[in-house]
Amino acid sequence: MSNYTHKPGTGVLFKNDKKTSPNQPDMTGAGADESGNQIRIAAWTKEGKNGVKYLSWKISPMQESNVNNEPE
């Protein structure tokens with residue numbers, strides 16, 4: 001994925017094998033917003049009060065040092 005540029009509105013997530021704290025995301029990845037700007041994606045697996053599991057996610061601008069590297 002080092003030189004891959006995502007198409008606008010797309011992205012990928014990978015299991016975070018480097019997780020050392022419960023606050024760190026369960027999955028991380030990269031993508032592009034609708035304008036084509038590269039973004040970082042982070043997701044956490046959570047469980048609602050009724051026992052239903054779901055993903056909570058956050059997107060943020062890709063840091064300059066990570067633009068051509070795999071997400072952290």
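Val-52 lies in the loop between β3 (38-47) and β4 (53-61). Strands here are DSSP runs of E with at least two residues, and helices are runs of H or I with at least four residues, both numbered from the N terminus. Val-52 is partly exposed, with a relative accessible area of 48%. Buried means under 20% relative accessible area, exposed means over 50%, and partly exposed falls in between (1.4 Å probe, protein chains only). Leaving aside neighbours within four places in sequence, Val-52 is in contact with Lys-46 and Glu-47. Contact means heavy atoms within 4.5 Å.

The model is predicted, so local features need pLDDT of at least 70 and side-chain atom pairs count only at pLDDT 80 or more, while totals for chains, interfaces and linings use all residues. Residues are numbered from 1 along each chain as its sequence is written, and side-chain values use heavy atoms, with hydrogens and water left out.

The protein has 0 helices and 4 strands. Along the sequence the pattern is β-β-β-β. The 4 strands form an open sheet in the order β1-β2-β3-β4, with antiparallel pairing. Two strands pair if DSSP finds at least two bridges between them. β1 (11-15) and β4 are the edge strands, and each pairs on one side only. On average, neighbouring strands of this sheet are turned by 25° against each other, direction ignored. For such angles, axes are lines fitted to C-alpha atoms, for helices over the stretch in contact, and angles run from 0 to 180 degrees between N-to-C directions. In a regular strand the side chains alternate between the two faces of the sheet.

The pairing of β3 with β4 comes next. These antiparallel strands are joined by 9 bridges. Thr-45 stands opposite Leu-55 in β4. Glu-47 has Lys-53 as its bridge partner in β4. The hairpin of β3 and β4 has 5 residues between the strands, and Gly-51 there takes a positive phi near 90°.

Strand β2 (residues 27-32) runs antiparallel to β3, and 6 bridges join them. Gly-29 stands opposite Ile-41 in β3. β2 and β3 form a hairpin with 5 residues between them. In the turn, Gly-36 has a positive phi of about 90°.

Asp-33 sits in the loop between β2 and β3. Asp-33 is partly exposed, with a relative accessible area of 24%. The side chain of Asp-33 reaches the backbone nitrogen of Asn-37 at 2.9 Å. Not counting residues up to four places away in sequence, Asp-33 touches Pro-8, Gly-9 and Ile-39. The C-alpha atoms of Asp-33 and His-6 are separated by 9.0 Å, although the two residues are 27 residues apart along the chain.

His-6 lies in the segment before β1. His-6 is buried, with a relative accessible area of 7%. A polar atom of the His-6 side chain lies 3.5 Å from the backbone oxygen of Ala-30. A polar contact is a pair of N or O atoms within 3.5 Å; within protein, one must be able to donate a hydrogen and the other to accept it, and residues adjacent in sequence count only if both atoms are side-chain atoms.

The structure holds 1 salt bridge. The side chains of Lys-19 and Asp-26 meet in it, at 2.4 Å from N to O. A salt bridge is a side-chain nitrogen of Lys or Arg within 4 Å of a carboxyl oxygen of Asp or Glu. Side chains of opposite charge can pair when their charged atoms come close. Lys-19 counts as partly exposed, at 31% relative accessibility. Asp-26 also counts as partly exposed, at 21%.

Totals for the protein complete the account. Buried residues make up 22% of the 72 residues. Among contacts with a separation of 6 or more, residues 24 or more positions apart account for 25%. The protein exposes about 5,400 Å², and carbon and sulfur atoms supply 50% of it. Accessible areas come from the Shrake-Rupley method with a 1.4 Å probe; for residues, only the protein chains shown count as cover.
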